[in-house]
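Thanks for coming, everyone. I have one structure to walk you through today. Please take a look at it first.

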Amino acid sequence: MGFLLRWAVAFGLLAATFNPTQWNYVRWAVDNFDKQMPMVVLLGLLLLVGYIIFLRATLHSIGALGMGLVTAIVAALLWVLYDYGLLSLDNSSMNVWIGILALSVVLGVGLSWSFVRRSLSGQVDVSDSDD
């Protein structure tokens, strides 16, 4: 359940920043920068804080190589789904959602990996010794 929550938060962060609908920060910020600049800056900084938290935790737990491996696994899974005809890449909006899903899986795994490693191996990271 913990992984699903972390993944859902990562998905929400990415989808709130950009998605193919009109309901995303990037589109709203471009349309309202002149009228609501302080709010655009505030929300942008809040999103930036969210990204920093997720990226720091992901880089700390699985590192850049791990991020690359998880990305490669997700890409290979998408390739298999496409090869078996279960996934079509004709719809550009769907491709953006697939990209958001793939990136959120990478961030969700990165945020959850320390917990998975600790429960599988019984070893605690030095930075986790306060738990």
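Let's start with L87. Is L87 buried or exposed? L87 counts as buried, because its relative accessibility is 17%. Buried here means under 20% relative accessible area, exposed means over 50%, and partly exposed is in between, with a 1.4 Å probe and protein chains only. L87 sits in the loop between α4 and α5. Its C-alpha atom is 32 Å from that of A29, and the two residues are 58 apart along the chain.

A word on the source. This is a predicted model, in which local features need pLDDT of at least 70 and side-chain atom pairs count only at pLDDT 80 or more, while totals for chains, interfaces and linings use all residues. Residues are numbered from 1 along each chain as its sequence is written, and side-chain values use heavy atoms, with hydrogens and water left out.

Now the whole chain. What is it built from? The chain has five helices and zero strands. Along the sequence, the pattern reads α-α-α-α-α. Helices (H or I, at least four residues) and strands (E, at least two) are DSSP runs, numbered from the N terminus. The C-alpha trace spans about 55 × 45 × 25 Å along its principal axes. The chain has 131 residues, and 27% of them count as buried.

Next, how the helices pack. Axes are lines fitted to C-alpha atoms, for helices over the stretch in contact, and angles run from 0 to 180 degrees between N-to-C directions. Angles under 35 degrees count as roughly parallel, over 145 as roughly antiparallel, 65 to 115 as roughly perpendicular, and the rest as oblique. A crossing is left-handed if the near helix is turned anticlockwise from the far one by less than a right angle, and right-handed if clockwise.

Take α4 and α5. Helix α4 covers residues 63–83, helix α5 covers residues 92–121, and they pack at about 140° with axes 9 Å apart. So α4 is oblique to α5. Their crossing is right-handed.

Then α2 and α3. The axes of helix α2 (residues 25–32) and α3 come within 9 Å, crossing at roughly 155°. Therefore these two, α2 and α3, are roughly antiparallel. Here the crossing is left-handed.

And α1 with α3. Helix α1 runs over residues 2–17, and it packs against α3 at an angle of about 140°, with the axes 11 Å apart. That makes α1 oblique to α3. The crossing of α1 and α3 is left-handed.

On to the surface. Which residues form a nonpolar patch there? They are F33, M37, V41, L45, L48 and I52, with about 520 Å² of accessible area together. Accessible areas come from the Shrake-Rupley method with a 1.4 Å probe, and for residues only the protein chains shown count as cover. M37 is partly exposed, because its relative accessible area is 39%.

V49 counts as partly exposed, because its relative accessibility is 45%. From V49 to L65 the C-alpha distance is 23 Å, at 16 residues apart along the chain.

Last, Y82, in helix α4. Why does Y82 count as partly exposed? Because its relative accessibility is 45%. The C-alpha atoms of Y82 and L48 are 33 Å apart, and 34 residues separate the pair along the chain.

Terms used: Patches are made of residues with over 30% relative accessible area and no salt bridge: like charges are joined within 9 Å, nonpolar side chains (Val, Leu, Ile, Met, Phe, Trp, Tyr) within 5 Å. A salt bridge is a side-chain nitrogen of Lys or Arg within 4 Å of a carboxyl oxygen of Asp or Glu.
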